[in-house]
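Here is a briefing on a ligand site and a helix pair. Look over the model, then read the points below.

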Amino acid sequence: MKQWALITGASQGIGYEFTMLFAANGYNLILVARDQKRLEEVADEVSSKYKVTVKVIPKDLSQPAAALDIFNEIKGDGLEVEVLINNAGFGLQGPFTEIELSKHLALIQVNITALVELTHLLARPMVKRGSGRILNVASTAAFQPGPFMAMYYASKAFVYSFSCALARELKGTGVTVTTLNPGITRSQFHSRAHLKRDVGMVMMEADQVARIGYDALMHGKPNITAGFINKLSSSVSKALPTRFTTNIAARLNRQNGG
Ligand SMILES: NC(=O)c1ccc[n+]([C@@H]2O[C@H](COP(=O)([O-])OP(=O)(O)OC[C@H]3O[C@@H](n4cnc5c(N)ncnc54)[C@H](OP(=O)(O)O)[C@@H]3O)[C@@H](O)[C@H]2O)c1
């Protein structure tokens, strides 16, 4: 019998590439994002290419009830989620005080709260039956504070710390947790955050990043940074004084603001 994978942010970018990978590897899919039309296009594409069943759940994860609604819908259908990919997320660029508070709170809801809720709701049954895999998408932004994108960097630092801790906590239960840290990746992310990224060779493709995450997840690795350059720059960031890396991030984020 085919296993079910739930992927948030499945309509675009890295989440779309995860969707293709899991389908190619024979998983049935539960796809979550806001854009119902786009999700249905993805579902049609996937089910015409691969012999898998796809369920779409259009949902805005910035709404406080979203994660529980998703869980209840899955439960109502009697589906058992073996793989959870918490991928949905977005960034906000600009001075903290000039961005509406409601936008900051929506970012916390999507990047942190919904991720924690889905992890809690789905990890419990996984632990009970002794099997499951969870992948949470953080970022290389997790490794230093990011002025002019302060909330985004902080949200990813949360995802990184929480997910690495949970991976250790669940050791021996049959449930693995993998943190994926992409660096700059070609997707809608930058235009949506009003960022101009002219970074040529440093930019990775979304399918490469998803493949790295998929392999790490399947090997039960607790943490993976995507690509050699990102691994190198993250090690350097971690080794340098915070004041120094914060200044660099401030310059980059202000310079690249749209
Ligand atoms: N691209 C990068 O350079 C980069 C680097 C490091 C980490 N990341 C992380 O990678 C993950 C995927 O980003 P991406 O680059 O693939 O960005 P993307 O192309 O903008 O895709 C984001 C996905 O999340 C969904 N999403 C956004 N807000 C949502 C909401 N309120 N409710 C439900 N779904 C929502 C979007 O679908 P809808 O719009 O239809 O809702 C879309 O499917 C994010 O967590 C991001 O922080 C990206």
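**Ligand shell**

Helices here are DSSP runs (H or I, at least four residues), numbered from the N terminus. This is a predicted model: local features need pLDDT of at least 70, side-chain atom pairs count only at pLDDT 80 or more, and totals for chains, interfaces and linings use all residues. Residues are numbered from 1 along each chain as its sequence is written, and side-chain values use heavy atoms, with hydrogens and water left out.

**Ligand contacts**

- An N or O atom in the Arg 34 side chain is 2.7 Å from a ligand oxygen atom.
- Tyr 152 places a polar side-chain atom 2.7 Å from an oxygen atom of the ligand.
- Phe 189 has a backbone N or O atom 3.3 Å from an oxygen atom of the ligand.
- Taken alone, the ligand exposes 890 Å² (Shrake-Rupley method, 1.4 Å probe). The protein buries 97% of that.

**Helix pair α4 and α5**

- Helix α4 (residues 101-129) and helix α5 (residues 150-169) pack at about 10°, with axes 9 Å apart. Axes are lines fitted to C-alpha atoms over the stretch in contact, and angles run from 0 to 180 degrees between N-to-C directions.
- The two helices α4 and α5 are therefore roughly parallel (under 35 degrees).
- Contact residues (heavy atoms within 4.5 Å) include His 104 and Leu 107 of α4, and Tyr 152 and Phe 158 of α5.

Note on methods:
Parallel < 35°, antiparallel > 145°, perpendicular 65-115°, else oblique. Polar contact = N/O pair within 3.5 Å; in protein donor to acceptor, adjacent residues only side chain to side chain.
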